[in-house]
Amino acid sequence: MLHRPVTQQSKWFHLNSSLIKVLSLRYLSEDFNSPKFRPPRQRIPSTPTIQSELVRTPSEYIKGSRVIQVAILGVPNAGKSTLVNQLSGWNTCSVSKKVHTTRKTSKTVLIKDETQIVFLDTPGLVEPSEAKQHNLETSFLIDPERALAQANLLLVLHDVSNKWTRKSLSPKILRLLHLYPDKESILVLNKIDLLKEKRLLLALTNKLSEGIIGGKSIAPNVNPMPERVSKQTIDNSARTQSSSELEEKELVQFQHISEKEVAKKIEGKIGWPQFSNVFMISAIDGDGVLDIAEHLYQAAQPGRWIYNSAVVTDQTPHEMAIGCLRGKLLDMLEKELPYSVKISIRFWEVDVSGTLNIVLALDCRKRFTARVVVGTGGRNVIQLARETEQDLRNMFRQEVKLRLVVEPDV
């Protein structure tokens, strides 16, 4: 059993807690209207109590400040977390090639000049029957709708590489869009790098938007898009449509609509005609992502920032470490095996030299699962520890020593 060295922890916490308070006082006394002011460097404290205090620290007053909250919506494995990481420049969201990597909504903060963008990365949308079948947390059902209620803008991420689902929006997405029709929504076509025929993008855009972008009709005869399309939007191929034409498309408001009415409205529907803009990107390599960021900057409204300028995420260090390891475990093990492994914190301590020492436990339901996680000669668990340790160094910007303990439950 590992014991916490209380004296070392108290010294480290006292030092960092005092630093937080000093910085906060300095922020409050700064002239934030001065052109010399630049927001302080964002960071992720590795000590849970300090991160919690930082998240609760009131935002500074900045003249001309603007803010926007953006809910990232999509079916499982659409690339939501990858997009948030690319937009923010921080790997705060765990990613993997398998579904259900994100277990609950997390917030990531991006700051540029006087504008603060808060991304709400949500779990992949699932039906209650799916959640029950796969033993998923209730957050899979609740968190996406909570995020929509908080958000100013809805970003719908659609995977165009999946030939079985790319020709229509998921009914789960359509349901949420109909529940919040007054909120601006944008369509982002992701994974275009995996699409061999780029000319399909216009046809897909037409289907998914019902031929209307930003209240304008997409011209029916447009030349195929060039190979590099990720930094182009569909606005250039649109023409103004009259009010009578819009009425023919039945662009009505569904605010306060009941679930029964929503079900009737989305029956047989494959698209949403109220997207304000469409972007084509590859989130994994960042192609086209800057165009989205620029649109969000323009969409931000005057208002006080939600978080202090030093905040990167609302997640705790423990949550980020567990999420980081979970993502790598999902990629390493085949099929459903990694979903049965429970990850927990056994030890978390920053010593006097500033090194973060962590012990994570991987509790496996069966001995067979534990043997697979460890691998021949410990190969798998050593690789997991090495890769996770490096990611945590990059995340917390400090030296990290990680130890993994694999234990079967039976």
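**Entry 1: the whole chain**

I started with burial: 52% of the 410 residues in the chain are buried, where buried means under 20% relative accessible area, exposed means over 50% and partly exposed is in between (1.4 Å probe, protein chains only). I have to keep in mind that this is a predicted model, where local features need pLDDT of at least 70, side-chain atom pairs count only at pLDDT 80 or more, and totals for chains, interfaces and linings use all residues. Residues are numbered from 1 along each chain as its sequence is written, and side-chain values use heavy atoms, with hydrogens and water left out.

Next I looked up the elements and found 13 helices and 13 strands. Helices (H or I, at least four residues) and strands (E, at least two) are DSSP runs, numbered from the N terminus. Then I checked contacts, meaning heavy atoms within 4.5 Å. Among contacts between residues at least 6 apart in sequence, 75% join residues at least 24 apart.

**Entry 2: strand 4**

How many residues of strand 4 (residues 153-159) are buried? I got 7 of the 7, so strand 4 is largely enclosed by the rest of the structure. I sorted its residues by direction: Leu153, Leu155, Leu157 and Asp159 point one way, while Leu154, Val156 and His158 point the other way.

Then I went through the pairing, which needs at least two DSSP bridges between two strands. Strand 1 (residues 66-73) runs parallel to strand 4, and 4 bridges join them. Here Leu73 stands opposite Val156. Strand 4 also runs parallel to strand 5, with 7 bridges. I noted that Leu153 has Glu184 in strand 5 as its bridge partner.

**Entry 3: Lys191**

Is Lys191 buried or exposed? Its relative accessibility is 18%, so I put Lys191 down as buried. I found Lys191 in the loop between strand 5 (184-190) and helix 7 (200-208). Its phi is near 65°, a positive value in a residue other than glycine. Leaving aside neighbours within four places in sequence, Lys191 touches Asn77, Ala78, Asp159, Val160, Ser161, Ile281 and Ser282.

**Entry 4: two cores**

A nonpolar core is a set of buried Ala, Val, Leu, Ile, Met, Phe, Trp, Tyr and Cys residues joined through side-chain atoms within 4.5 Å. The largest one has 39 residues, and Leu169, Leu177, Leu187 and Leu189 touch the most other members. Helix 6 (residues 171-179) gives the largest share of this core, 5 residues. A second, separate core has 30 residues, including Leu325, Ile358, Leu362 and Leu384.

**Entry 5: helix 3 meets helix 10**

At what angle do helix 3 (residues 80-88) and helix 10 (residues 289-299) cross? I read roughly 75°, with the axes coming within 10 Å. That makes helix 3 roughly perpendicular to helix 10. At the meeting point, Leu83, Gln86 and Leu87 in helix 3 touch Val289, Ile292 and Ala293 in helix 10.

Axes are lines fitted to C-alpha atoms, for helices over the stretch in contact, and angles run from 0 to 180 degrees between N-to-C directions. Under 35 degrees counts as roughly parallel, over 145 as roughly antiparallel, 65 to 115 as roughly perpendicular and the rest as oblique.

I looked at helix 11 (residues 317-332) next. Its 16 residues reach 23 Å from first C-alpha to last, close to the 22 Å expected at 1.5 Å a residue; the expected span is 1.5 Å times one less than the number of residues. Its buried residues include Met320, Cys324, Leu325 and Leu329. They pack against, among others, strand 11 (342-350), strand 12 (356-364) and strand 13 (400-408).

Those strands form an open sheet in the order 11-12-13, with mixed pairing. Strand 11 and strand 13 are the edges, each pairing on one side only. The twist averages 15° from one strand to the next. Strand 12 and strand 13 pair in the parallel sense over 9 bridges, and Leu356 has Val400 as its bridge partner in strand 13. Helix 12 lies across strand 12 and strand 13, at about 150° to strand 13.

Arg397 is partly exposed, at 48% relative accessible area. Its phi is near 55°, a positive value in a residue other than glycine.
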